[in-house]
Amino acid sequence: MTVRYFAVLRDRRGVGEETLSTDCESIGDFICELVVKHQLDLAPALIRAAQDGSFVDDSTPIRDGAQIVLVPPVSGG
Amino acid sequence: MGLRSCSFPRYREVDPVFRLSHQPLIPIVHACDSAGGFVTFEGKVRNHANLREVLRLEYEAYEDLAVSEGEKLVAEAVARYRLESATVVHRVGLLEVGETAVIIQTAAAHRREAFAGCEWILDQLKHRVPIWKKEYYADGDSGWVGADAPGPNPELDAQLTQRQRRLAEIGDAGQARLKAASVLLVGAGGLAAGCLPYLAAAGVGTLGLIDDDVVDVSNLHRQILFSVEDVGRLKVERAAQFVNLLNPTVEVHRHAERLTEANVDRFVASYDWIVDGSDNLPTKFLLNQACRRHSKPLVTASVHGFEGQLLTVLPDGPCLRCLFPTVPAGRCVGTCAENGILGVVPGTLGILQANEVLKGILGYGEFLSHQTQLIDLRTGDTMRLSRQMNPDCPVCGSGMDICDPCEVESISAAQARFGEYIIVDVREPDEEPHLDCAHVRLPFSGLGELPEGNLVVVCETGTRSLRVAARYLAAGRSNVVSLRGGVASLAPDEPR
C-alpha cells in the first residue's frame, strides 16, 4: 500500500509518501504501528486516516494495495 | 491647554483632553520633557467623497455625550499606547473645503507609540463618538453620512461589480444577495489576507473582523493587507482601512478582541457566514461548536508549511469534530512560528474560503461540505477526501468530549487519576533542572526505557514531555502522562 503523510506528520516522517506493507488488519492498528515505528510524536487518537479517498474509522479493515492518507489536526492560519 | 511638563513615568496620570469647537482650529504647542515623539494630525475637508465632488461639510454633535465619550476614548489611548499626553479637538458646524475638522495631538517616549496612538484615536473617534457629518455635493444634493462608512453610492456599486454581474449565475439578483449578506472573519492574519479582499471586492454588504492582535514584522510575508508602516498597529483597524479603500460601499465592523467562550455566541449569531481564519485549534473547535448551536455555515481552513486544509461545515453536514473527535493538546502540532509557513499557502487557502462563501450566497457549484480538500503547493496537488457525519461526534452526535489522553492539567489531576505515580523530569542537565519533590531524571536527548508504573513526565514547557507521553500511549501504555505547561506552570503551592 502507499501511505501519504500530511502537514506535521510529513515533517516528522521526513517523506511525503512511501510504499509499505503491514501485518496490521485495521486502520487503527496501522496508525499505532506507524506512530511508534517512525516516532511521529502524536497520539494515534488525533490522527485521521483516509483510505482510497474516504475518511474511515479505526476499526476499518485495510484493503490490499490501498492508498492511505494520514491527516493530523492542522492549526496554522 | 498651553505648555505642559511632566516626568517619567507619567502616562497614567495624564488628563485626557477632548473638546468640541465652533471656531476654526489651530494646533496647540505642547511640550513634555519625558516625550521624544510628538505627533499632530489635522483632518481637513476634502473636495471629493466616493467619486462625488464635495463643496462643504457640516458636523453636528450630541455635545455632552460626544465630550464624555471622547474623554473616555482619549484615556484609553493614553493607557493603551503609554502616551505622555493626548489632546483631541473636533470642529462642529459648517466647514468649507480646506478647513480643519479635527486635530489630534499625541506625545510618547518614542515615535512609534505616538503615531500608533494618534491613528488609533482617529479610527475609534469615527465610530464611537456621536458626531455626524453632512456632505454637500456639487450637484446640489446633500446627505448625512456615518463618519466612518462613506454614504451609499449605487452608481459606484454598479460600476465596481459590472464584470461579475455579466455572469449568468450572478446578475443583478445575485449582486443584491451579496449586498444583503454579512460575513464574519475570525482572525485578520494570513487566511484573511486571501479571503477579505475578494469578499469586499465582490460586494458583500457587511464584513465583520475579529482579532485582538497587532501587526508584527514577521507577519508581513503572508499577511499582505499590512505593510512595514503598520507594525504595532491593530490588525482589524488596518484590514478595515484596506477594505474601505478597495470598496467603500462595504460596511466593516471591527472587533479588536479575542474570540472566547463568553463572546462567541454573540458574534456567530450576528452574521450569515463565518470564516475561520484563526491560527489555533481551540478557536477552531470553539467556532465549530458555536456555528452548530446557531445553525450557521462555517468555512474553516488551516495551513502548515507548504500545505493547507479546507472544509465547509453546513448546519446539516458533518462538522470539524466529526472528523477530529479528540481535542488535541494546545501545541502538539506546532504553530506557524514553529513550523514555518510559505506566504502563498494561507493566501491560496483564504481565496478558496472566499469562494466557498460566494458559492453559498450565490448558489453556484458544490460546497466542500462532505469533503476535506488538501492542497500541497510544492507540487500543486490537491486531494478531496470524503467525510461523513460521525455518530460518536461529541458536538453533533452522542459522543462524549474526549480530551487528549496523554496530558494532565496539574499534579493534583495526576494524583486524582493515578493515586501513586512517579515524576520523570526529561530536562537536560544544562537546563539546571530543579524539583523539590521526589523524581527520576531522564534527559530527553538520551531517553531510554521509562520505568514501570504510573508516570507524570515533565519538562520546562510541556512540549518534550508530551512527545514522550504520546510515544508511550501509541505503544499501548496509557499510564504515562505529560504535565501541561511544564514545570513553568506548577502552582506555587505544588511541589517543584
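In this predicted model, the side chains of Asp172(B) and Arg165(B) meet in a salt bridge, with 3.2 Å from N to O. Asp172(B) counts as exposed, because its relative accessibility is 55% and the cut-off for that class is over 50%. Side chains of opposite charge can pair when their charged atoms come close.

Over all chains, the structure holds 28 salt bridges. Lys359(B) and Glu356(B) form a salt bridge through their side chains, at 2.5 Å from N to O. These two residues lie 3 residues apart in helix H12 of chain B, residues 344-362, and are therefore separated by about one helical turn. Both Lys359(B) and Glu356(B) are buried. A further salt bridge links the side chains of Asp425(B) and Arg427(B), at 2.8 Å from N to O, and both of these residues are buried. Salt bridges with shared partners also join Arg10(A), Glu307(B), Asp376(B) and Arg378(B) into one network.

I now come to a sheet in chain B. In what order do its 4 strands lie? The order is E1-E5-E7-E2, in an open sheet with mixed pairing. Strand E1 (17-21) and strand E2 (37-44) of chain B are the edge strands, each pairing on one side only. From one strand to the next, the twist averages 10°.

Strands E5 (residues 83-91) and E7 (residues 100-108) of chain B run antiparallel and are joined by 7 bridges. Here, Val88(B) stands opposite Ile104(B) in E7(B).

Finally, the helices. Helix H1 of chain B, residues 63-81, lies across E1 and E5 of chain B and runs at about 145° to E1(B). Helix H2 of chain B, residues 111-128, packs on the sheet and touches E1, E2, E5 and E7 of chain B.

Definitions and conventions
Residues numbered from 1 in each chain as written. Chains lettered and ligands numbered in written order. Predicted model: local features only at pLDDT ≥ 70, side-chain atom pairs only at ≥ 80, totals over all residues. Heavy atoms only, no water. Salt bridge = Lys/Arg side-chain N within 4 Å of Asp/Glu carboxyl O. Buried < 20%, exposed > 50% of the residue type's maximum accessible area, 1.4 Å probe, protein only. Pairing = 2+ DSSP bridges. Axes fitted to C-alpha atoms, helices over the stretch in contact; angles between N-to-C directions. Contact = heavy atoms within 4.5 Å.
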